[in-house]
Amino acid sequence: MNFDPDQIKFDECGLVPAIVQDARTREVLTLAYMNAESLRLTVQSGETWFWSRSRSELWHKGVTSGHTQRVVEIRQDCDSDALMIVIEPAGPACHTGKRSCFYRNVAGAEIDEPPIEDSSDLGSVLNNLYEVVESRRKERPAGSYTTYLFDQGLDKILKKIGEEASETIIAAKNEEKEPLVAESADLLYHLLVLLAGRGILLDDLKVELTSRRRKSRQAE
């Protein structure tokens, strides 16, 4: 994905506000700031990077906590002086452990965070995700990590699958459940990108798995 920092109107400090939004729930998670370098790193890595105004340094969200944010899409507003980063979070966005930084009202009282409800079964979730991936392959919207993968080509996608497979193996060696779940989800997402890129539908996998199950039953 090509990135032209001249499109963005950074302020006199070289910064632009970035609103971070959950791709699934559409909840606003935080407001941070980016400079040209952190925006470039975000586009390049597919995970959020910001500029810390208090520490005057770049910071990669989740690099220590593990609560990274995978970029789905980057949008600029009508004046090109603010960004919206649509992400898939691997944990809380707020350093307090809250899902969103906006967990208090103007009086300072905490607002109860309603649980995220999703009655969809795994099959529906995978079908929806595949449809999103396929639409990115066809439309190539700017700022999308999936667009970036397709633009880079098959070798890049295969490299990412190898990296995610290795990280899944490493996570499986630990006792904690959450890292393995997160890495498995990353691996599955990149596998869906590969399947869409090669024109393989989820129904093709369904046919193959059904055939294997049928043969297994016949052999029992």
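**Basis.** I worked from a predicted model, in which local features need pLDDT of at least 70 and side-chain atom pairs count only at pLDDT 80 or more, while totals for chains, interfaces and linings use all residues. Residues are numbered from 1 along each chain as its sequence is written, and side-chain values use heavy atoms, with hydrogens and water left out.

**Sheet.** I looked up the strand order and found four strands in an open sheet, S2-S1-S6-S5, with mixed pairing. Strand S2 (28–34) and strand S5 (69–76) are at the edges; each has a single partner strand, so one side of each lacks a neighbour in the sheet. On average, neighbouring strands of this sheet are turned by 25° against each other, direction ignored. For such angles, axes are lines fitted to C-alpha atoms, and values run from 0 to 180 degrees between N-to-C directions. Helices (H or I, at least four residues) and strands (E, at least two) are DSSP runs numbered from the N terminus. Two strands count as paired if DSSP finds at least two bridges between them.

I then checked S1 (residues 16–22) against S2: the two pair in the antiparallel sense over six bridges. Ile 19 has Leu 31 in S2 as its bridge partner.

**Salt bridges.** I searched the whole structure and got 13 salt bridges (a side-chain nitrogen of Lys or Arg within 4 Å of a carboxyl oxygen of Asp or Glu).

I noted Arg 99 with Glu 27, at 3.0 Å from N to O. Arg 99 lies in the loop between strand S6 (83–89) and helix H2 (122–139), and Glu 27 in the loop between S1 and S2, 72 residues apart. For accessibility I used these classes: buried is under 20% relative accessible area, exposed is over 50%, and partly exposed is in between (1.4 Å probe, protein chains only). Arg 99 counts as partly exposed because its relative accessibility is 21%. Glu 27 is also partly exposed, at 24%.

Next I looked at Glu 164 and Arg 70, whose closest N and O atoms are 3.8 Å apart in a salt bridge. Glu 164 is in helix H4 (residues 154–172) and Arg 70 in strand S5, 94 residues apart. Both Glu 164 and Arg 70 are buried.

The last pair I checked was Asp 151 with Arg 140, a salt bridge with closest N and O atoms 2.7 Å apart. Asp 151 sits in helix H3 (residues 145–152), and Arg 140 in the loop between H2 and H3, eleven residues apart. Asp 151 is partly exposed at 40%, and Arg 140 is partly exposed at 35%.
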